[in-house]
Structures are given as C-alpha cells and as structure tokens.
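I opened this model to look up how it packs. My notes follow in the order I made them.

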Amino acid sequence: MNNIVLFMISTWFGVSLFFSFDVAPTLFDTLSTLLAGDVVAKIFPMYFGIGLFIFLMSFFILFFSEKPTFRKNFAFLILNIVIFIVFLVFILPEASFLKHTDYHAFLRLHAFSMVLNLIQMINSFFIILSLL
C-alpha cells in the first residue's frame, strides 16, 4: 500500500510543479492577463480538488494499512489536506471576488496563495522522501 501512496503523491508533486512553474507562467506569457486569469480560475478548483482527493485517499490508505508510516506522515498529510480545503473554501472564492472589486487585495491574497502552494509542494516532497 505504501507504493500506491508513493505513486499518488509523486504524481501529484510532478503535476503541481509542472502546473505552477510551467503551465501557469506560459499562459500568462502567451495570453492576455485577463484571459490567462480566466483559464487559471477554471483550472484551480479541479487542481486543488484533485490534490485534496489524493491526500485524503493517502491518509486513509496509510491509516488502515501502514500504521508506522501513517504516524510518521500524519502532520504532513493533515497540513496538505487543510491547505487544499483552505484553497477550495476560502481562497478561490475570495480571489474571484477581489479580482473584480479590490485588485490590490487580490494581489496580496495571490501572494499568500503562492506561498501556501509552495508549502504544499515542499510538504509533498517530504512525504515522498519518507515513503522511499
């Protein structure tokens, strides 16, 4: 079961790196800022929803089958799950609202969201290392 979790989180890690450091910047370099923002706004709910699903599944798989590995990764898994929930419930709706009403507040929220996304990527990397 460890290998299934390792595969899921490694795949997520690769996807999140690719999207964050290649796809999103390429969209903003290629398309107008408004259009790129609209595209990214459509992708983000699925991006963070899939991340939440992967980490919830990993949490339960390790809980039911790999108690020592689960205990070692409990805080990392919970942190990522909380980050994904924060994105889906608070940040994405607020960003959508602020983008049209207070652009400076939107930019502050965007900076905070980039830090959170980086934290989940680093956190994912540590989980991968612990599963090897």
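**Aromatic pairs.** I paired rings of Phe, Tyr and Trp (its six-membered ring) if their centres lie within 6.5 Å; planes under 30 degrees apart count as stacked, over 60 as edge-to-face and the rest as tilted. By this rule I get 21 aromatic pairs. I looked at Y47 and F48: ring centres 4.7 Å apart and planes at 80 degrees, so this pair is edge-to-face.

**Ground rules.** This is a predicted model: local features need pLDDT of at least 70, side-chain atom pairs count only at pLDDT 80 or more, and totals for chains, interfaces and linings use all residues. Residues are numbered from 1 along each chain as its sequence is written, and side-chain values use heavy atoms, with hydrogens and water left out.

**Burial of the pairs.** I call a residue buried under 20% relative accessible area, exposed over 50% and partly exposed in between (1.4 Å probe, protein chains only). Y47 has 6% relative accessibility, so I count Y47 as buried. F48 is buried too, with a relative accessible area of 1%. Next I checked F59 and F70. Their ring centres are 5.0 Å apart and their planes stand at 75 degrees, so the pair is edge-to-face. F59 lies in helix α2 (residues 33–65) and F70 in helix α3 (residues 67–101), so the pair ties together parts that are eleven residues apart in sequence. F59 and F70 are both buried.

I also looked for clusters. One aromatic cluster is formed by W12, F19, F44, Y47, F48, F55, F84 and F87.

I then looked for a charge over a ring, meaning NZ of Lys or CZ of Arg within 6 Å of the ring centre and within 35 degrees of the ring normal. The charged end of K67 sits over the ring of F63, 3.6 Å from the ring centre.

**Overall layout.** I took helices (H or I, at least four residues) and strands (E, at least two) as DSSP runs, numbered from the N terminus. The protein chain has four helices and zero strands. Its pattern along the sequence reads α-α-α-α. The C-alpha trace spans about 50 × 25 × 20 Å along its principal axes. Of the 132 residues in the protein chain, 38% are buried.

A contact here means heavy atoms within 4.5 Å. Among contacts in the protein chain with a separation of 6 or more, 76% join residues 24 or more positions apart.

**Helix packing.** Two packed helices are described by the angle between their axes and the distance between the axes. Axes are lines fitted to C-alpha atoms, for helices over the stretch in contact, and angles run from 0 to 180 degrees between N-to-C directions. Angles under 35 degrees count as roughly parallel, over 145 as roughly antiparallel, 65 to 115 as roughly perpendicular and the rest as oblique. A crossing is left-handed if the near helix is turned anticlockwise from the far one by less than a right angle, and right-handed if clockwise.

How do α1 and α4 cross? The axes of helix α1 (residues 2–30) and helix α4 (residues 103–131) come within 9 Å and cross at roughly 150 degrees. That makes α1 roughly antiparallel to α4. Their crossing is left-handed. On the α1 side, the contact residues include L6, I9, W12 and F13; on the α4 side, they include M121, S124, F125 and I128.

I checked α2 against α3 next. Their axes come within 9 Å and cross at roughly 160 degrees. That makes α2 roughly antiparallel to α3. α2 passes α3 in a left-handed crossing.

For α3 and α4 I find an angle of about 160 degrees and axes 9 Å apart. That makes α3 roughly antiparallel to α4. This crossing is left-handed.

**Single residues.** S124 sits in helix α4. Is S124 buried or exposed? S124 is buried, with a relative accessible area of 0%. Leaving aside neighbours within four places in sequence, S124 contacts I9, W12, F13, F55 and N80.

L116 also lies in helix α4. L116 counts as buried at 11% relative accessibility. Not counting residues up to four places away in sequence, L116 touches I83, V86, F87 and I91.

P25 is placed in helix α1. At 33% relative accessibility, P25 counts as partly exposed. P25 touches F19 and S20, not counting residues up to four places away in sequence. C-alpha to C-alpha, P25 and P68 are 39 Å apart in space, and they are 43 residues apart in sequence.
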